[in-house]
Amino acid sequence: MNIAVVGAGPAGVFTADIITKQFSQIEFPVRVDLFERLPAPFGLVRYGVAPDHPRIKAIIDSLHNVLDRGDIRLVAGVEVGTDISVENLQDVYDAVVLTTGANADAPLPIPGIELPGSVGASKFVSWYDAHPDAPQHWTLDAEQVAVIGAGNVALDITRMLAKHAEDLWATDIPNHVYGILRDSKIADVHVFARRGPAEAQFSPTELRELHEVRDVDIIVDPHDMVFDRSSEELMKSSKQRRLVAETLVEWSKRDPSTFTASRRIHLHFMQAPVRLEGTTRVDGKCQGG
Ligand SMILES: Cc1cc2nc3c(=O)[nH]c(=O)nc-3n(C[C@H](O)[C@H](O)[C@H](O)COP(=O)(O)OP(=O)(O)OC[C@H]3O[C@@H](n4cnc5c(N)ncnc54)[C@H](O)[C@@H]3O)c2cc1C
Ligand SMILES: NC(=O)c1ccc[n+]([C@@H]2O[C@H](COP(=O)([O-])OP(=O)(O)OC[C@H]3O[C@@H](n4cnc5c(N)ncnc54)[C@H](OP(=O)(O)O)[C@@H]3O)[C@@H](O)[C@H]2O)c1
């Protein structure tokens, strides 16, 4: 039995692993070829996870162990759909499994989104993780940055922007990224969630990690801490939502006169973006509603 798995991210590597092990248990000969469009495997674990999350990056060790066994053939640098079609693979293999991940941002169709100075998360993340398709240079000249969305990617980006570069030195941050972050003038990062604090998609641990960032104050407006009946239900049914909401409420109670850090992260709720303003680039006024 010959099987092609397309995409060598964690889903592809573990799919190839399971198939190989299952067939070897019943002593049925199987060959698994793992196709990957990039020169190196491991998908978003290599090119998405933030450099200051070494514990997650360590998943690469488990993925390495699977490929090091030698019973799965990695065919890197081949883009299925461009270099070879799925139909061609189907002619040659008994089964083709697609595990190509989600490599594009969800669209945010608001006026001004195409202005210079507005970028999708995948582009920014690809830059700081040195994805082969990403440019080496990045203009990071803003003092105020708005991050739209309240998920863990928003937290990664916020942390990477707000951290002082020297606190990233011990990570595997690429040199060119370190240099640009070191020269950054960023003072405030504003995160905008379109729903309430109970509906934020943050993981509790990742949210609390923000508080450990040196010389950065976290600012949460107590007026944003609104919980309607459905939020209450959500918090009852999900420990994760309850922990996130509790953390945010706790932060909202802090006395602003105790804020002394040189950089700030502002977490805003119930603010959906309506348009980005500017003529030649985003000019700093983000209209919400
Ligand atoms: C910015 C970001 C940060 C994240 N950080 C964390 C984190 O800290 N902790 C955590 O638990 N999860 C994190 N996640 C989630 C986690 O990375 C994903 O859930 C996981 O990587 C998905 O695995 P996957 O194999 O489905 O896809 P991917 O990891 O995206 O792998 C897909 C692979 O398929 C390849 N491919 C795509 N198209 C083709 C093609 N046509 N031909 C051949 N190959 C192709 C890609 O190059 C890639 O290598 C993060 C996600 C993002 C977006
Ligand atoms: N553990 C980690 O450290 C880590 C790090 C990064 C990523 N990840 C994982 O990777 C996956 C992807 O993360 P993600 O943050 O990209 O996705 P996500 O968890 O789905 O969060 C997306 C956020 O964007 C908001 N949003 C979507 N469309 C919007 C619009 N048109 N206007 C305003 N806001 C909008 C969503 O709001 P609504 O909820 O209202 O739709 C949500 O708050 C998740 O499973 C995440 O946990 C994990």
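Guide: A residue is called exposed when its relative accessible area is over 50%, buried when it is under 20%, and partly exposed in between. The model is a predicted one.

Visitor: Is glutamate 27 buried or exposed, then?

Guide: Glutamate 27 is exposed, because its relative accessible area is 73%. Glutamate 27 sits in the loop that runs between helix 1 (10–25) and strand 2. Its phi is positive, near 55°, in a residue other than glycine.

Visitor: And what about phenylalanine 42, where is that?

Guide: Phenylalanine 42 is also in a loop, between strand 2 and helix 2. Its phi is positive at about 90°, although phenylalanine 42 is not a glycine. Phenylalanine 42 counts as buried, since its relative accessibility is 1% and the limit for buried is under 20%.

Visitor: Which residue just after helix 6 takes a positive phi?

Guide: That is alanine 130, with a phi of about 55°.

Visitor: Which residues of helix 6 are buried, and what covers them?

Guide: In helix 6, which spans residues 121–128, the buried residues are Phe124, Val125, Ser126, Trp127 and Tyr128. Their cover includes helix 2 (43–47), helix 7 (152–162) and helix 8 (175–182).

Visitor: Let us turn to the strands. How many residues of strand 1 are buried?

Guide: Four of the five are buried, so strand 1 is largely enclosed by the rest of the structure. Strand 1 pairs with strand 2 (residues 31–36) in the parallel sense, over five bridges. Within that pairing, valine 6 has phenylalanine 35 of strand 2 as its bridge partner.

Visitor: What comes ahead of strand 1?

Guide: Methionine 1 is found in the segment before strand 1 (2–6). Methionine 1 is partly exposed, because its relative accessible area of 39% falls between the limits of 20% and 50%. Together with Ile26 and Phe28, Met1 makes a nonpolar surface patch of about 300 Å².

Visitor: Now aspartate 83. Where does that residue lie?

Guide: Aspartate 83 lies in the loop between strand 3 (72–76) and helix 5 (86–92). With a relative accessible area of 52%, aspartate 83 is exposed.

Visitor: Which residues does aspartate 83 touch?

Guide: Leaving aside residues up to four places away in sequence, aspartate 83 touches Gly77 and Val78.

Visitor: Is threonine 247 buried or exposed?

Guide: Threonine 247 is buried, because its relative accessible area is 6%. Threonine 247 belongs to helix 11 (residues 239–252). Beyond residues up to four places away in sequence, threonine 247 touches Leu207 and Arg208.

Visitor: To finish, the whole chain. How many helices and strands are there?

Guide: The chain has eleven helices and ten strands. Of its 289 residues, 44% count as buried. The C-alpha atoms fill a box of roughly 70 × 45 × 40 Å along the principal axes.

Visitor: And the contacts and the surface?

Guide: Among contacts between residues at least 6 apart in sequence, 78% join residues at least 24 apart. The accessible surface of the chain comes to about 15,600 Å², and 53% of that belongs to carbon and sulfur atoms.

How values were computed. Residues are numbered from 1 along each chain as its sequence is written. Chains are lettered from A and ligands numbered from 1 in the order in which they are written. This is a predicted model: local features need pLDDT of at least 70, side-chain atom pairs count only at pLDDT 80 or more; totals for chains, interfaces and linings use all residues. Side-chain values use heavy atoms; hydrogens and water are left out. Patches are made of residues with over 30% relative accessible area and no salt bridge: like charges are joined within 9 Å, nonpolar side chains (Val, Leu, Ile, Met, Phe, Trp, Tyr) within 5 Å. Accessible areas come from the Shrake-Rupley method with a 1.4 Å probe; for residues, only the protein chains shown count as cover. A salt bridge is a side-chain nitrogen of Lys or Arg within 4 Å of a carboxyl oxygen of Asp or Glu. Helices (H or I, at least four residues) and strands (E, at least two) are DSSP runs, numbered from the N terminus. Buried means under 20% relative accessible area, exposed over 50%, partly exposed in between (1.4 Å probe, protein chains only). Contact means heavy atoms within 4.5 Å. Two strands pair if DSSP finds at least two bridges between them.
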